[in-house]
Amino acid sequence: MWKFIVRRLIITFPQLVVLSVLVFLAAQFMPGDALTGSIGNPNITAEQLEQRREALGLNDPWYVRYGDWVSGVVQGDLGESYRFKMPVTELIGQRIVNSFWLSVVTLIFTYIIAVPLGILSGRYNDSLLDQSITGYTYVGFATPLFIFALVMLWIFGYQFGWFPTNGSVEPGLTPGTFDYVLSKLYHLILPGISMALIATVNTVQYLRSEIIDTKQRDFIITARAKGAPESRVYNRHILRNSLLPIAAFFGFEITGLIGGTIFVETIFSYPGMGQLFLESVTLRDFSTLVSVVLLFGVTAIGGALLSDIILSLVDPRIRIK
Amino acid sequence: MRKTGLSKWFLALMVVFLLVLAACNSESGTEGTDDSGTDSGTEEGSEGEGEEGEGESASEDGLYSIEDFQPVTTDEGEAIDGGHLQFGLVSDTVFEGVLNWNFYEGDPDSQILEWFDEALLDVDENYNYTNDGAATYEMSEDNLTITLTIKDNVNWHDGEPVKAEDWAYSFEVIGHPEYTGVRYGTSMMNIEGMEAYKNGEADSISGIEIIDEKTLSITYLEPDAGLLNSGLWPYAMPKHIFEDIPVAEMAESDAVRQNPIGFGAFKVESIVPGESVTMVANEDYWQGEPALDQLTVQVISPQTVVQALETGQVDMVDSFPTDQYPDVEESLTNVEFLGQTDLAYTYIGFKLGEWNEEEGVAEMNPDAKMADVDLRRAMWYAVDNNAVGEQFYNGLRWNATTLIPPSFPAYHDETIETPTYDPEMAKQILEEAGYVDTNGDGMRENPEGEELVINFASMSGGDTAEPLANYYMQAWAEVGLNVQLVDGRLLEFNTFYERIENDDPAIDIYQGAWGTGTAVDPSGLYSKFAAFNYPRFVNEENEELLAEGLSEESFDQAHRQEVYKEWQQLMVEEIPVFPTVYRAVLVPVNNRVQGYSIAEHWNAPHEVSVTAEEPETVE
């Protein structure tokens, strides 16, 4: 078990190095820099702009900048965001909390929806119920999240006024109070549900086909032959075996959610990682961009690792290999 | 049976999505930044906003005019005591949260700043300083020393008086060698002793003298007529709070991000980073206690701004996408639209030379493709900018004449005759200048008989960018000029400016936009020493006039106006660029709000009041 994890970790390291170099090179090739957007201040001469570029190191070749940056990263310093004028670590710290909670809520909703739907659909496959659930998943696959979120916002945020429409918390509350936490949660529900309703369709489908598959296995027939009641057959035998791929999927699910979703965050004006990423691209905030992309890379690799570990925990066959 | 039921459901869903898609279509990005500080001019965003095309706007009644709008609210109701105002920042990004005038760069931050900290000097409608603000000024006989006196009742939010040393401290921070912001400009360098201080050779700025607790004087090296036209740094910085923070760390300090103070009508109570700021009335405000007792500023996504206004979630916003105006004019009954002419213009620029990096000066190339002024003039005559304004912007943009927009009423000269749409005139000019079609392909060749292809760079973004560029190219083709898009497509913002800046030889002409800021002096854009002189235009008379406009004689307003009139005339004759359209800014304000104005020189935040506890909503 430990050997397995260590081996996975060792593979991870070169992946990270390659990733960081690629990200850095790509950023280098983007036209313009953080100062392109602030041109147009006629009180600033060309000379001063050049001085600022020099001071910020924007004129150095990429390997020099990469070297500087890596030595910073090793010491836990991701550099200074040009746009926000604050350390990137602090900036990401602020945003990742928001993204994290949004992910948690979305994940909870996703599984609340996915598990019963998947089970029903698998158990009564080819019935009317199954077909409507499958129909829903197809619609979900086909619906772009940014349209769906906008519709949800419009209906439940504005038409009915049940949910707040922007931000992550009511303005003016003191952090740490009960009201504050409650308000945070309240702000999470609508974006969380919007995302979950779309994200859940994968899981529903997985679960359904897995259940249908397991249903026909020999050991289920055996269980039935032994006279086990139907509920026991489903809950003890089929479900437990069908959840395997879902567990494996969990690691990847986390990755996607830490990255935040650009659309949902933009539509709900919810300041999370996705928004930070998009803004740092368009405004050429290099230090933030590189750090954020690297963080996404790390979570992706970490998520895959997590999936493998979960899988090896629940499925001894993998471990033995 | 089952199948049909399901497919019907699908169909219904499709229709819903189609409708939503159509609705989303007209929503485009927000307007670029509009800086209201003294550091004039910001890059305006691309030609993002606009109706998608002719369609409805072709009819007479689909057109609007800036004349029909006014910048102040019509106050009809009875104001209530107190009230809580909701202000929306329309932005698809968060606000950076650099809440200090000396350090902020993004426009959203400045919108927040304006509510709780203000300039010590007020300006009039031409952005010249007056003595009505929190401080008064007096210029010395030789126009070199300005004496500034802060009024007695001006206090910081923590109760400390705003002192002369606070204002001086602002200069010391900006001039500090470790200063990280962008406010160190030409007018800063003109202060006596600033250079030595900036280089670390002196501990203080010799030109800034603190006379007593509330009075200071600033001495300049050269007289600068632009100084009184929003050219002086008018913001103080609370020294008692910042003095212990190293300058390099100020922008990230809590005094800027968490609990900033100012001396404005409202005090910051709490900040949710990137999302919202809540403020309460400052009872000790120097102009009197504000009528409102609470104010919340929150970020609103451009996609939902209309709904936010409709439901009264916000009373007003900082900027409204003008292209959405025709859609909501009828339905948004609960708001009043305020409007004024923006401090900006869109223009077509001609590449006339290159930037000499070593000497920091533009150099004209007499052999440039666009070097012939007749060709440039003909191109101006060939385009119908009023039609552009009507077709693409419902009349909310209109034909521009000179390079000083009408938002500077004293300096803009509307009597100057500028080329306006006349294709026959354009053809005639081209004929006379020797641009004739010699090979019979319908397009003119240059006077040497070589084929003439003009490469046009235009920015992408928004629905109108493409049709607009196509319109211009067609208009030029109509008079026989072969104009083609650079690379055959529109350029993305960063690429566009990078290539323009580097004088890419593939670009002959381009469409850009400038925000002028509040200083009328255009030398930052058109002097040969200005890096933003993208056409690389060099002309002796131009340099003389620009210098004259800032000279000692120009402290006399009448003289200064005369100089800038001559300059506008010169630019109409030389045409390094020609302005295409001026634009309107529209700001919706809830009917319950009174005493508000979007005019730049307005400074009465304490008089803003509301007539009801809750914002009006659309019934």
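**Entry 1: Ser609(B)**

I began with Ser609(B), which counts as buried because 22 C-beta neighbours lie inside 10 Å. The cut-offs I used: buried takes 20 or more other C-beta atoms within 10 Å of a residue's own, exposed takes 12 or fewer, partly exposed is in between, and C-beta atoms are placed from the backbone. A note for myself on the source: this is a predicted model, where local features need pLDDT of at least 70, side-chain atom pairs count only at pLDDT 80 or more, and totals for chains, interfaces and linings use all residues. Residues are numbered from 1 along each chain as its sequence is written, while chains are lettered from A and ligands numbered from 1 in the order in which they are written.

Ser609(B) is found in strand S19 (residues 609-610) of chain B. Helices (H or I, at least four residues) and strands (E, at least two) are DSSP runs, numbered from the N terminus. I then listed what Ser609(B) touches, leaving out residues up to four places away in sequence: Ala79(B), Gly83(B), Ala291(B), Leu292(B), Gln594(B) and Gly595(B). Contact here asks for C-beta atoms, placed from the backbone, within 7 Å. I also checked Glu544(B), 65 residues from Ser609(B) along the chain, and found their C-alpha atoms separated by 49 Å.

**Entry 2: positive phi in chain B**

Which residues other than glycine did I find with positive phi? Asn143(B) has a phi of about 60°, and Ile575(B) has one near 50°. I placed Asn143(B) in the loop between strand S2 (135-139) and strand S3 (145-150) of chain B. Ile575(B) sits in the loop between helix H18 (557-574) and strand S17 (577-590) of chain B. Buried or exposed, I wondered about Ile575(B)? Ile575(B) counts as buried because it has 24 C-beta neighbours inside 10 Å. Asn143(B) has 19 C-beta neighbours inside 10 Å, so I logged Asn143(B) as partly exposed.

**Entry 3: a helix pair in chain B**

Next I looked at helix H11 (residues 373-382) and helix H13 (residues 423-432) of chain B, which pack at an angle of about 165° with their axes 7 Å apart. The axes are lines fitted to C-alpha atoms, for helices over the stretch in contact, and angles run from 0 to 180 degrees between N-to-C directions. H11(B) and H13(B) are therefore roughly antiparallel to each other. On that scale, under 35 degrees is roughly parallel, over 145 roughly antiparallel, 65 to 115 roughly perpendicular and the rest oblique.

From H11(B), I noted Asp374(B), Arg377(B), Ala378(B), Tyr381(B) and Ala382(B) in the contact; H13(B) brings Pro423(B), Met425(B), Ala426(B), Ile429(B) and Leu430(B).

**Entry 4: chain A**

Over to chain A, with its 13 helices and 2 strands. Its C-alpha atoms fill a box of roughly 85 × 55 × 40 Å along the principal axes. Of its 321 residues, 38% count as buried.

I picked helix H12 (residues 286-314) of chain A: its 29 residues reach 42 Å from first C-alpha to last, close to the 42 Å expected at 1.5 Å a residue. The expected span is 1.5 Å times one less than the number of residues. The buried residues of H12(A) include Phe286(A), Leu289(A), Phe296(A) and Gly303(A).

Last, I visited Gly135(A) in helix H5 (residues 128-142) of chain A. Gly135(A) is partly exposed, with 13 other C-beta atoms within 10 Å.

Key. Two residues are in contact if their C-beta atoms, placed from the backbone, lie within 7 Å.
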